Amino acid sequence: MPFLGQDWRSPGWSWIKTEDGWKRCEPWREGLEGENNRCGASHGTILNSEDEEIFNNEEHEYASKKRKKDHFRNDKSTQCFYREKWIYVHKESTRERHGYCTLGEAFNRLDFFSAVQDARRFTYVARLLQLIAKSQLTSLSGVAQKNYFNVLDKIVQKVLDDHQNPRLIKDLLQDLSSTLCILIRGVGKSVLVGNINIWVCRLETILNWQQQLQNLQMTEQVDSGLTLSDLPVHMLSNILYRLSDGWDIVTLGQVTPTLSALSEDRRLWKKLCQYHFGEKQFCRHLILSEKGHIEWKLMYFALQKHYPTKEQYGDTLHFCRHCSILFWKDSGHPCTAADPDSCFTPVSPQHFIDLFKF
């Protein structure tokens, strides 16, 4: 039977016939070998020198060039990413299917690149990347790690371009940089897929992103149309009551004096606490003012440090219990159940990771 699919042994490379046989054509190899030879020549010269300070400086420069070269080679490697709307989640081998679906495979195959551009899914993808950075980064395969950082790069560039959700991405990069620092220091004790120089370059890239977000300046939009200041007070109050994040309320309260006064409303913070936390949690972290009133705003931020808050997303992945298929709700999937809607379950970012724990 003829092989009709793409040959996994030759993913689009160019080959040249030489006297020693066939060799793969890599346009960037000559430049890298020339750079390596120059570094080797300067290193040999230093070895004959007695100046220890010059030796240390050149060693540091050589190591830096080596890391960049490894990172460059890693980025130029052939990458094949799927952009599927749904995938089958199989957890054990059957007669029809062998193996099982891993977290890295699911992350590679599902269409997260397009999801980043969708305002409804952006927060969901960012939160998923944050959870992976905290606990599942070492479980990803090499290809999945490349895909992870490609998606992250797209997220950061989107925030730098449209100036939306910078606080969310700052938290994501902070968690990721902390994880990488721990893994790099403990190399040999922990499992890091790939060259250590590649991970050092990735950490440098993350620090560069953090600096760019730190220097991000919000440009004032000049618009002669309707603004928040033109809205009546009751409409501004309704906007604040629809926010589920306390930091968003604090940030919005800094826009105008009217919003600042509305953002200090005790009923607003009471409703927010009741939405995210239970009465037993209130009793454990009760904060009273000098007059004996409950400080709901202080209680919210105190409770947030001890308990997780409810998460809201415009759109999430869904899991079909009948077909064992993970899919974006808008795209759907070929379900064979009599009542498909009764089989669908929304998948939170944490649930997404738990699906692939065996």
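The stops below go from the whole chain to a sheet, then to helices and cysteines.

**Before selecting**

This is a predicted model, in which local features need pLDDT of at least 70 and side-chain atom pairs count only at pLDDT 80 or more, while totals for chains, interfaces and linings use all residues. Residues are numbered from 1 along each chain as its sequence is written, and side-chain values use heavy atoms, with hydrogens and water left out.

**The whole chain**

Colour by secondary structure. The protein chain has 15 helices and six strands; helices (H or I, at least four residues) and strands (E, at least two) are DSSP runs, numbered from the N terminus. Of its 358 residues, 35% count as buried. Buried means under 20% relative accessible area, exposed over 50%, and partly exposed in between, with a 1.4 Å probe and protein chains only. Among contacts (heavy atoms within 4.5 Å) between residues at least 6 apart in sequence, 64% join residues at least 24 apart.

Next, select strand 5 (residues 325–328), which is joined to strand 4 by four bridges and runs antiparallel to strand 4. The two strands form a hairpin with four residues between them, and serine 324 in the turn has a positive phi of about 55°. Leucine 317 has tryptophan 328 of strand 5 as its bridge partner, and histidine 318 has phenylalanine 327. On the strand 3 side, three bridges make an antiparallel pairing with strand 5, and the bridge partner of tryptophan 86 is phenylalanine 327.

Show the side chains of strand 5. Ile325 and Phe327 point one way, Leu326 and Trp328 the other way, and all are buried.

**Threonine 316**

Step to threonine 316, in the loop between helix 14 (296–306) and strand 4 (317–320). Is threonine 316 buried or exposed? Its relative accessible area is 12%, so threonine 316 is buried. Leaving aside neighbours within four places in sequence, the contacts of threonine 316 are Tyr124, Trp328, Lys329, Pro346 and Val347.

Select glutamine 145 in helix 6 (residues 142–162). Glutamine 145 counts as buried because its relative accessibility is 2%. Beyond four places in sequence, glutamine 145 is in contact with Leu137, Leu140, Val193, Trp199 and Arg202.

Helix 8 (residues 196–214) has 19 residues and reaches 27 Å from first C-alpha to last, close to the 27 Å expected at 1.5 Å a residue. The expected span is 1.5 Å times one less than the number of residues.

**Helix 12**

Select helix 12 (residues 266–276), whose buried residues are Leu268, Trp269, Leu272, Cys273 and His276. They lie on the same side of helix 12, because they cover an arc of only 130° around the axis; the arc is that of the directions from the helix axis to the C-beta atoms. Their cover includes helix 9 (233–241), helix 10 (246–252), helix 11 (257–262), helix 13 (279–284) and helix 14.

Lysine 271 is also in helix 12, and counts as partly exposed at 48% relative accessibility. Lysine 271 and serine 244 are 27 residues apart in sequence and 9.7 Å apart in space, C-alpha to C-alpha.

**The cysteines**

Finish by selecting the cysteines. How many disulfides does the structure hold? It holds zero, a disulfide being a pair of cysteine sulfur atoms within 2.5 Å. The sulfur of cysteine 335 has its closest cysteine sulfur in cysteine 323, at 3.7 Å, which is too far for a bond. Cysteine 335 is partly exposed, with a relative accessible area of 21%, whereas cysteine 101 counts as buried at 0%.

Notes
Two strands pair if DSSP finds at least two bridges between them.
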